Amino acid sequence: MAGIREEDIELIVRRVLSNLDLKNLKAAVKKDIGVFEDMKQAISAAKKAQKELKSMSIEFREKIIQNIRKKTLENARIMAEMGVQETGMGKVEHKVLKHELVARKTPGTEDIITTAWSGDKGLTLVEMGPWGVIGAITPSTNPSETVICNSIGMIAAGNSVVFNPHPGAVGVSNYAVRLINEAVVEAGGPPNLAVSVAKPTLETAEIMFKHPDINLLVATGGPGVVTAVLSTGKRAIGAGAGNPPVVVDETADIRKAAKDIVDGATFDNNLPCIAEKEVIAVNKVADELIYYMKQNGCYMASKEEIEELKAMVLQTRDGKYYLNRKWVGKDASTLLKGIGVDVDDKVRCIIFEATKDHPFVVEELMMPILGIIRAENVDEAIAIAVELEHGFRHSAHMHSKNVDNLTKFARAIDTAIFVKNAPSYAAIGFGGEGYCTFTIASRTGEGLTSARTFTKSRRCVLADGLSIR
Ligand code: NAD
């Protein structure tokens with residue numbers, strides 16, 4: 001077995017086992033449409049489908065989307081189970097909620113609006129038109145959620161979409177692609193408005209990036225893939241990594257802050273890019289915050305336990321830290337068992353007192369482990385939070401009742417998402433107002449994407465007519 005790493009063997013075994021089990025789960029979606037062996041064939045089928053969609057009414061597009069919503073709700077649990085089984089990450093109950101959220105709150109055709117000017121010189125319209133065929137890369141952390149969310153928005157805007165899903169979540173991602181096709185065809189639409197490949201690789205992604213029929217690229221994932229799409233020379237939307245800090249000042253409702261932080265940070269075992277990844281609390285309230293966090297299912301780890309966890313979940317190469325993927329998205333109790341600490345499943349999160357240079361707060365961990373850093377005052381807390389967000393401009397959160405402090409932090413960190421006095425998931429319409437998305441274009445600035453993000457602007461001018469003012 002020389003040359004094969006132990007973790008690779010483990011990965012292969014896990015995939016084979018999960019594929020065996022997935023065979024039983026696949027029964028719900030019967031039609032095998034939309035998934036191709038060859039990327040070029042997938043693109044060509046999506047191009048044909050987009051042409052057909054273009055000739056159809058917007059009312060009809062909405063009918064298609066309604067059916068995608070319905071089928072997503074019907075299949076929420078099966079996709080949640082498949083996702084956990086295939087990737088080994090996250091929590092089934094939370095993934096069910098994520099699918100329900102995406103089905104109910106991702107905007108459809110109502111998001112496509114027209115701007116008009118009328119006056120002495122006639123009428124001018126700016127309409128939102130489709131790009132054509134969009135190439136999309138999806139992550140392993142919200143695999144089917146992102147496929148469905150992107151498909152709803154992109155189809156509502158009149159596009160078709162070609163996915164190159166994460167290889168580690170190809171089963172559930174392609175299940176979602178098949179489900180979308182079944183929903184579209186059942187509603188009377190053309191097949192292949194959303195397509196994918198059976199074996200996505202970096203090579204199939206490369207073919208997609210370079211293909212002349214792909215007009216827009218959308219990448220949801222870590223820094224590598226976002227940089228890759230931004231380097232293609234094509235128009236690209238980059239929804240990249242985050243490392244969201246949460247600041248707690250002395251004016252906050254500490255009991256509520258503790259509960260909200262633990263709820264947000266443990267949702268789907270900290271996989272969402274928006275989830276609280278480190279806490280910075282002013283000294284005056286830090287002890288009280290820790291007390292209430294413990295009341296909410298947190299385990300306070302000792303220095304020695306944190307060192308052991310560090311050796312287990314992080315690997316170093318060339319002086320840099322890398323995640324040991326085996327532990328990403330695992331339950332807190334599983335992480336603790338990994339270092340020989342036996343706790344029951346009521347433990348939702350591991351907390352510890354950290355300095356601002358601890359790798360667990362510097363790295364985007366995607367595990368229910370939260371470092372708590374003490375700051376002398378709110379200004380110091382804000383400065384530390386800005387440093388730890390690394391300029392990703394993704395998400396940040398704060399618990400405070402002082403409007404000046406809230407404003408100061410919001411301006412200093414300047415992120416696409418800033419949640420005040422709620423769990424992080426309030427940002428995507430879960431316990432907060434507003435629509436849902438699983439593609440937050442932090443790096444390229446579009447923010448929370450929706451159908452209109454996937455359009456291009458078309459100005460139509462009629463001079464000296466059609467104004468009846
Ligand atoms: P990842 O970066 O490992 O993979 C994302 C996708 O990119 C996969 O499909 C992968 O195969 C592909 N990929 C990676 N490098 C590539 C390259 N050079 N060329 C072509 N394709 C490439 O992401 P993951 O671990 O599955 O997801 C977690 C990461 O994604 C975290 O950093 C998280 O913050 C981020 N994320 C961001 C958002 C957002 O909306 N901003 C949403 C979800 C996840």
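Predicted model: local features only at pLDDT ≥ 70, side-chain atom pairs only at ≥ 80, totals over all residues.
**Entry 1: the domains and their contact**

I began with the division of the protein chain, which gives domain 1 as 33-240 + 449-459 and domain 2 as 245-433. I noted that the C-alpha centres of domain 1 and domain 2 lie 31 Å apart, and that 13 residues from domain 1 and 16 residues from domain 2 take part in the contact. The size of an interface is often given as the accessible area lost when the parts come together. For domain 1 and domain 2 I wrote down a buried area of about 1300 Å², with 56% of it on carbon and sulfur atoms.

I then turned to the polar side of this interface, where the search gives 3 salt bridges between domain 1 and domain 2 and 8 residue pairs in polar contact. On the side of domain 1 that touches domain 2, I recorded 3 nonpolar, 6 polar and 4 charged residues.

**Entry 2: Asp 268 and its lysine partners**

Which residue does Lys 95 meet in a salt bridge? I found that its side chain meets that of Asp 268, with N and O 3.0 Å apart. Asp 268 lies in the loop between α10 and β10 (278-282) and Lys 95 in helix α5, so this pair ties together parts of the chain that are 173 residues apart in sequence. I checked the accessibility of the two partners and found that both Asp 268 and Lys 95 are buried.

I looked next at Lys 98, which is found in helix α5 (residues 92-105). Leaving aside neighbours within four places in sequence, I listed Thr 141, Asn 142, Glu 145, Phe 267, Asp 268 and Phe 438 as the contacts of Lys 98. I also noted that a network of salt bridges links Lys 95, Lys 98, Glu 145 and Asp 268.

**Entry 3: two further buried residues**

I went to Asp 111, which sits in the loop between α5 and β2 (115-119). Asp 111 counts as buried because its relative accessibility is 8%, and its side chain reaches the backbone nitrogen of Arg 452 at 2.9 Å. Apart from neighbours within four places in sequence, I found Asp 111 in contact with Met 128, Ser 450, Ala 451 and Arg 452.

I then looked up Ala 265, which belongs to helix α10 (residues 254-266). With a relative accessible area of 0%, Ala 265 is buried, and its contacts beyond four places in sequence are Asn 270, Glu 276 and Leu 370. As a distance check I took Ala 265 and Val 347, which are 82 residues apart in sequence and 13 Å apart in space, C-alpha to C-alpha.

**Entry 4: salt bridges elsewhere in the chain**

Side chains of opposite charge can pair when their charged atoms come close. How many salt bridges does a search of the whole structure find? The search returns 22 salt bridges, and I looked up two further pairs.

In one of these pairs, Arg 374 forms a salt bridge with Glu 353, the closest N and O atoms being 2.8 Å apart. I placed Arg 374 in strand β15 (residues 369-375) and Glu 353 in strand β14 (residues 349-353), so that the pair links distant parts of the chain, 21 residues apart. Arg 374 is partly exposed, with a relative accessible area of 27%, and Glu 353 is also partly exposed, at 42% relative accessibility.

In the other pair, the side chains of Glu 387 and Lys 356 meet in a salt bridge at 3.1 Å, N to O. Glu 387 lies in helix α15 (residues 378-389) and Lys 356 in the loop between β14 and α14 (359-362), so I noted that the pair ties together parts that are 31 residues apart in sequence.

Terms used
Residues numbered from 1 in each chain as written. Heavy atoms only, no water. Domains from an automatic or database assignment. Contact = heavy atoms within 4.5 Å. Buried area = accessible area lost by both parts, 1.4 Å probe. Salt bridge = Lys/Arg side-chain N within 4 Å of Asp/Glu carboxyl O. Polar contact = N/O pair within 3.5 Å; in protein donor to acceptor, adjacent residues only side chain to side chain. Nonpolar A, V, L, I, M, F, W, Y, C, P; charged D, E, K, R; others polar. Helix = DSSP H or I, 4+ residues; strand = E, 2+ residues; numbered from the N terminus. Buried < 20%, exposed > 50% of the residue type's maximum accessible area, 1.4 Å probe, protein only.
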